[in-house]
Amino acid sequence: MTRKDTKIVEAGRAPSLHAGAVNTPVYRVSTVLFPDVETMRNESQPYTYGRRGTPTTRTLEDAICDLEGGARTVLTPSGLSACTLAILATCGAGDHLLVTDSVYGPTRVFCQRVAKRYGISTTYFDPNIGAGIDELFQPNTKAVFLESPGSYTFEVQDVPAIAAAAHRRDIAVILDNTWATPLYFNAIAHGVDLSVQAATKYIGGHADIMMGTITANAAYKERLTQIHGDLGLCSS
């Protein structure tokens, strides 16, 4: 079995993407050429427009997806945009969202301002609630947003217990996994549907980039990819 430290070195290096180069070249393009009109109509080639991905961004997505053990990873302009996109991928007007009370401050602001304006109601819960979260579910609850360890107070949540309770009611589980990263907590394997990271932190490492990532399991792969493209989110 490949160890995670080996994966970090090897992940994303698919020779078919970059003609055998050690690393994928940096693509900074908007327009992508199609070999013929039929290909353009069918969108059968992997790259259609710079905003929808390039070999450079796909390489990073694939590497993170491999580490996360997910089905698809998308990149966003910041960690906060990854948190909010995950919410919008699971909730809409008239839906109810459960959010850990230890959540990252700007995510709470989004719930109180933007989500509320678009008809998504939010209830905050004790991060130590565990399986007791079952009592907070409403008929219109569509997602539970976790953060473990908590952003400022470092509570470690019982993610498997919360995920099991949510999945019995077909409720999505989102986890901001920035602190632990998939190296120290395999979110997808513990029942999380959408695993979020602020790549600005450990992945960037030098305070010189802004980026977020969301990795979905197979059940939420298509929904995440669709809303990511519909909102025009991308990273250079």
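Q: What is the relative accessible area of Arg58?
A: Arg58 has a relative accessible area of 21% and is partly exposed. Here buried means under 20% relative accessible area, exposed means over 50%, and partly exposed lies in between (1.4 Å probe, protein chains only).

Q: What sort of model is this?
A: This is a predicted model, in which local features need pLDDT of at least 70 and side-chain atom pairs count only at pLDDT 80 or more, while totals for chains, interfaces and linings use all residues. Residues are numbered from 1 along each chain as its sequence is written, and side-chain values use heavy atoms, with hydrogens and water left out.

Q: Back to Arg58. Which residue does its side chain meet in a salt bridge at 3.0 Å?
A: That residue is Glu61, with 3.0 Å from N to O. A salt bridge is a side-chain nitrogen of Lys or Arg within 4 Å of a carboxyl oxygen of Asp or Glu. Both residues lie in helix H4, three residues apart, about one turn of the helix. Helices (H or I, at least four residues) and strands (E, at least two) are DSSP runs numbered from the N terminus.

Q: And Glu61, buried or exposed?
A: Glu61 is buried, at 7% relative accessible area. Its side chain also meets that of Arg72 in a salt bridge (2.9 Å, N to O). Arg72 belongs to strand E1 and Glu61 to helix H4, so this pair ties together parts eleven residues apart in sequence. Arg72 is buried as well, with a relative accessible area of 16%, and Arg58, Glu61 and Arg72 are linked in a network of salt bridges.

Q: How many salt bridges in total?
A: The count comes to five. One of them joins Asp134 and Arg169, whose closest N and O atoms are 3.2 Å apart. This pair links distant parts of the chain, 35 residues apart: Asp134 is in the loop between E3 and E4, and Arg169 is in the loop between H7 and E5.

Q: Changing topic, what is the strand order in the sheet?
A: Seven strands form an open sheet in the order E1-E7-E6-E5-E4-E2-E3, with mixed pairing. Two strands pair if DSSP finds at least two bridges between them. Strands E1 (72–76) and E3 (121–125) stand at the edges with a single partner strand each, so one side of each is left without a neighbour in the sheet. The twist averages 20 degrees from one strand to the next.

Q: Which way do E1 and E7 run?
A: They run antiparallel, and five bridges join E1 to strand E7 (residues 212–216). Arg72 has Ala216 as its bridge partner in E7.

Q: Which strands does helix H6 lie across?
A: Helix H6 (residues 105–117) lies across E2, E3 and strand E4 (141–147), at about 140 degrees to E3. Axes are lines fitted to C-alpha atoms, for helices over the stretch in contact, and angles run from 0 to 180 degrees between N-to-C directions.

Key
Contact means heavy atoms within 4.5 Å.
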